[in-house]
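Subject: Structure for you, with notes

Hello,

Here is the structure I promised to pass on. My notes follow below it.

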Amino acid sequence: MIKKIDHIGIAVNSLEESLKFYEGALGLKVENIEEVSEQKVKVCFLNIGGVHFELLEPTSPDSTVAKSIEKRGEGIHHIAVLVENIDEAIKTMKEKEIKLIDEIPRKGAGGSKMAFVHPKSTHGILLELYEK
Ligand code: ZN
């Protein structure tokens, strides 16, 4: 069901500030920057050997990413795994009584579909099921 780790989501206060490190110092290449209005974030994907860092900057104080930064500061927000078929993946999770944050896939960056699995079921990480 899972093909690979697709990206690691990192909550940041400012894309511009964080790119000074990720692009400027690490030399990673920005693949795209876009606003995902449904999640009230601006995201920036950086390629790191076929996997990505996804920098997430909240665009509104009531965005879940803003709340995460408020509670825990900047840092790793989620880990995303690539799935072939997100509807199938969600169905499997539900059959196994795994707690999901999104039972219906949401729209992600670049026309992708995504759903979060609750950290209570993953032993502490926010896991994103991600279909390109
Ligand atoms: Zn993500």
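Setting aside neighbours within four places in sequence, Ile-90 is in contact with Leu-100, Asp-102, Glu-103, Pro-105, Ala-115 and Leu-129. Please keep in mind that this is a predicted model. Ile-90 sits in helix H3. Its relative accessible area is 4%, so it counts as buried, the cut-off being under 20%. Ala-115 is 25 residues away from Ile-90 along the chain, yet their C-alpha atoms are separated by 8.0 Å. Helix H3 itself covers residues 86-95 and lies across S5, S7 and strand S8 (127-131). Its angle to S8 is about 145°.

Next, the sheet. It is open and has eight strands, with mixed pairing. The order is S2-S3-S4-S1-S5-S8-S7-S6. Which strands stand at the edges? They are S2 (29-36) and S6 (106-107). Each has a single partner strand, so one side of each is left without a neighbour in the sheet.

Strand S4 (residues 51-58) has these pairings:

- S4 pairs with S1 in the parallel sense, over five bridges. Ile-10 has Leu-55 as its bridge partner in S4.
- S4 runs antiparallel to S3, and eight bridges join the two. Here Val-41 has Pro-58 of S4 as its bridge partner. S3 and S4 form a hairpin with two residues between them. In that turn, Gly-49 has a positive phi of about 65°.

Is S4 enclosed or open to the outside? Seven of its eight residues are buried, so S4 is largely enclosed by the rest of the structure.

S1 also pairs with S5, this time antiparallel, over eight bridges. In that pairing, Lys-4 stands opposite Leu-82 of S5. Helix H2 lies across S1, S3, S4 and S5. It runs at about 90° to S4.

Now the metal site. Which residues are the protein donors of the zinc ion? They are His-7 (NE2), Glu-54 (OE), His-78 (NE2) and Glu-128 (OE), lying 2.1 Å from the ion. The angles among the four donor atoms run from 79 to 163°, and the site is irregular. For reference, the ideal angle for four tetrahedral donors is 109.5 degrees. Along the chain, the donors follow the spacing H-x46-E-x23-H-x49-E. The two histidines link distant parts of the chain: His-7 is in strand S1 (residues 2-11) and His-78 is in strand S5, 71 residues apart. Both His-7 and His-78 are buried.

On to the packing. The largest nonpolar core has 15 residues. Val-41, Val-43, Val-65 and Tyr-130 touch the most other members. Strand S3 (41-48), helix H2 (64-72), strand S5 (75-83) and strand S7 (113-117) each give two or more residues to this core. The largest share, three residues, comes from S3.

Leaving aside neighbours within four places in sequence, Val-65 is in contact with Ala-11, Val-41, Leu-56, Pro-58 and His-77.

Last, two backbone angles to look at. Most residues other than glycine have a negative phi. Glu-97 has a phi near 55°, a positive value in a residue other than glycine. It lies in the loop between H3 and S6. With a relative accessible area of 72%, Glu-97 is exposed. His-123 has a positive phi of about 65°, although it is not a glycine. Its place is the loop between helix H4 (119-122) and S8. His-123 also counts as exposed, at 78% relative accessibility.

Those are my notes.

Best wishes

Technical notes:
Residues numbered from 1 in each chain as written. Predicted model: local features only at pLDDT ≥ 70, side-chain atom pairs only at ≥ 80, totals over all residues. Heavy atoms only, no water. Core = buried A, V, L, I, M, F, W, Y, C linked by side-chain atoms within 4.5 Å. Buried < 20%, exposed > 50% of the residue type's maximum accessible area, 1.4 Å probe, protein only. Helix = DSSP H or I, 4+ residues; strand = E, 2+ residues; numbered from the N terminus. Contact = heavy atoms within 4.5 Å. Donors = N, O, S within 2.8 Å, 3.2 Å for Na, K, Ca; no water. Tetrahedral: all angles 85-135°; square planar, octahedral: opposite > 155°, others 65-115°. Pairing = 2+ DSSP bridges. Axes fitted to C-alpha atoms, helices over the stretch in contact; angles between N-to-C directions.
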